[in-house]
Amino acid sequence: MNGSFWQPAPMWRHTLVSLALIWVFGLLAVAGETDPAPEEQVPRQKPHSVVPLEQKDGHSCGRLAMSALYRSYGLDPQKARLRERLGTDIPLLPFDEETKGTIQPDFLRVLKQDGFAPEVVRLNQTYHEDRIKAHLNEHHALALIKRKENGNLHWVVLAGYQARNFVIADSLKPQPYLEPVHPFLRENVMSVILVSPQKPQPHTGFWQEHLKGVWDMGAMWFVKYLTEPVTLILVCVAAFVAGRRFRRRYRTP
């Protein structure tokens, strides 16, 4: 660790590295059970309509969205043990019960294991709207949105596309509802995972999917931090302090 990188250098370098380590390694350590489902199921090629499942707590929206999607493809969510494998009840931040829920890395890993080809849409690309609409003509997608009512993050199913509107299956609503595509994508959608069936791969490696999920989370939260200056300042201060500690510990005498 006494190479040229850790010799006296601009503090910004140590700050950025520390921030990256805090973020990446923290996320890699948070995941649900990595074992595949005990019973293999094969999704049907053409999904049925999505029926929302009622949410009765504050953190199960992701699992319920995934369960509704699974049912539309003819899979039994209970046999798939989604709650345990998605890590629904594991806090993102240790000892903070309010950070329970499901995150992108776990979605992507479980989808691949259970016979789906997940695709993370880059919402900053010019063609992303057309890509989503074309996909919804045949299949469904998971979306992380900011709720209009309170701004809270919430997972839903994009269950179709009708007359310039998304069909939304939401665990907080008894029936699917419509949202206009342009304003909804611009103001409310934070992340989209397109889902289509493929051959189940329960025993293949999942780190590629996990890292894609980490990247999507990082991009999403980066945008969020830019809109919340106080949070951005606190994160940078924490990384700066960690960088100073790294420098003191590993600098060349």
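Which residues touch the most other members of the largest nonpolar core? They are M66, Y70 and L142, in a core of 30 residues. A nonpolar core here is a set of buried Ala, Val, Leu, Ile, Met, Phe, Trp, Tyr and Cys residues joined through side-chain atoms within 4.5 Å. Keep in mind that this is a predicted model, where local features need pLDDT of at least 70 and side-chain atom pairs count only at pLDDT 80 or more, while totals for chains, interfaces and linings use all residues. Residues are numbered from 1 along each chain as its sequence is written, and side-chain values use heavy atoms, leaving out hydrogens and water.

- At least two residues each come from α2, α3, α4, β2 (140–146), β3 (153–162), β4 (165–169) and β6 (189–195); helices (H or I, at least four residues) and strands (E, at least two) are DSSP runs, numbered from the N terminus.
- Apart from this core lies another one of 16 residues, including I132, L136, I145 and L194.
- As a bit of background, nonpolar side chains in soluble globular proteins tend to be buried together.

**The aromatic cluster**

- The structure has 4 aromatic pairs, meaning Phe, Tyr or Trp rings (six-membered ring for Trp) with centres within 6.5 Å; planes under 30 degrees apart are stacked, over 60 edge-to-face, and the rest tilted.
- One of them is the tilted pair Y70 and F116, at 5.4 Å centre to centre with 35 degrees between the planes.
- Y73 is in the loop between α2 and α3 (82–86), 43 residues from F116.
- Together, Y70, Y73 and F116 make one aromatic cluster.
- Y70 is buried (under 20% relative accessible area; exposed is over 50%, partly exposed in between, using a 1.4 Å probe and protein chains only), with a value of 1%.
- F116 is buried at 0%, and Y73 is buried at 0%.
- Beyond four places in sequence, Y70 contacts (heavy atoms within 4.5 Å) L75, P77, A80, L82, V110, L111, D114 and F116.

**Around E179**

- E179 lies in strand β5 (residues 177–180) and is buried, with 11% relative accessible area.
- Its side chain joins that of K148 through a polar contact of 2.7 Å; the term covers N or O atoms within 3.5 Å, where within protein one must be able to donate a hydrogen and the other to accept it, and residues adjacent in sequence count only if both atoms are side-chain atoms.
- Not counting residues up to four places away in sequence, E179 touches K148, R164, N165, F166, I168 and F184.
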